[in-house]
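Here is a friendly walk through one protein model, written for someone who likes to know the cut-offs behind each term. Please take a look at the sequence and the structure before reading on.

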Amino acid sequence: MATREELEQLSSEELHDRAVGHARRHANVKFIWRLMRAVPAAEAAVGDLDEAHDDVQSVFGHFDDIRRSGKGEVADLLRPMYIDYIVEHNA
């Protein structure tokens, strides 16, 4: 099991892949739902207002967001969520 300090050393993309991969393998719909709700706010925070608006309008946009939520500034804003999930689930 990785410590919080060890996880902080990973890239945002690595954290995303680890958290989302674990959630998929264990069918953790609760985490996936939390992530789907968090992504539009993270996109808006980095200035991607069009994408945030479109995501609110479309469930399919949310699924695509999960795939893309491991990239760039959005992933950086979601780091705490990924780390908390990994630590909580010993992923």
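The report below goes from the overall fold to one helix, then to the salt bridges and a few single residues.

This is a predicted model, in which local features need pLDDT of at least 70 and side-chain atom pairs count only at pLDDT 80 or more, while totals for chains, interfaces and linings use all residues. Residues are numbered from 1 along each chain as its sequence is written, and side-chain values use heavy atoms, with hydrogens and water left out.

## Overall picture

The protein chain has six helices and zero strands, so the elements read α-α-α-α-α-α from the N terminus on; here helices (H or I, at least four residues) and strands (E, at least two) are DSSP runs, numbered from the N terminus. Of the 91 residues in the chain, 42% are buried. Buried means under 20% relative accessible area, exposed means over 50%, and partly exposed lies in between, with a 1.4 Å probe and protein chains only.

The accessible surface comes to about 5,500 Å², and carbon and sulfur atoms hold 54% of that. These areas come from the Shrake-Rupley method with a 1.4 Å probe, and for residues only the protein chains shown count as cover. Among the contacts with a separation of 6 or more, 69% are between residues 24 or more positions apart, where contact means heavy atoms within 4.5 Å.

In soluble globular proteins, nonpolar side chains tend to be buried together. The largest nonpolar core in this model has 22 residues, and F31, L35, L78 and Y82 have the most contacts inside it. Helices α2, α3 and α6 each supply at least two residues of this core. Such a core is a set of buried Ala, Val, Leu, Ile, Met, Phe, Trp, Tyr and Cys residues joined through side-chain atoms within 4.5 Å.

What does F31 touch, not counting residues up to four places away in sequence? Its partners are A19, V20, A23, M81, Y82 and Y85.

## Helix α6

Helix α6 has 18 residues and reaches 25 Å from its first C-alpha to its last, close to the 26 Å expected at 1.5 Å a residue. That expected span is 1.5 Å times one less than the number of residues. A kink of about 50 degrees lies at L78, shortly before the proline P80; the bend at a residue is the angle between axes fitted to the seven residues ending there and the seven starting there.

The buried residues of α6 are V74, A75, L78, R79, M81, Y82, I83, Y85 and I86, and they pack against α1, α2 and α3. Just after the helix, N90 takes a positive phi of about 50 degrees.

## Salt bridges

Side chains of opposite charge can pair when their charged atoms come close. The structure holds three salt bridges, each being a side-chain nitrogen of Lys or Arg within 4 Å of a carboxyl oxygen of Asp or Glu.

| Pair | N to O distance |
|---|---|
| D84 and R4 | 3.0 Å |
| R79 and E8 | 3.6 Å |
| K71 and E13 | 2.7 Å |

R79 is buried at 15% relative accessibility, whereas E8 is partly exposed at 41%.

K71 lies in the loop between α5 (59-68) and α6, and E13 lies in helix α2 (residues 12-25), so this pair ties together parts 58 residues apart in sequence. K71 is partly exposed at 48%, and E13 is partly exposed at 35%.

## Two buried residues

Is H22 buried or exposed? H22, found in helix α2, is buried at 9% relative accessibility. Leaving aside neighbours within four places in sequence, H22 is in contact with Y85, H89 and A91.

E43 lies in helix α3 (residues 29-45) and is buried, with a relative accessible area of 4%. E43 and S69 are 26 residues apart in sequence and 9.2 Å apart in space, C-alpha to C-alpha.
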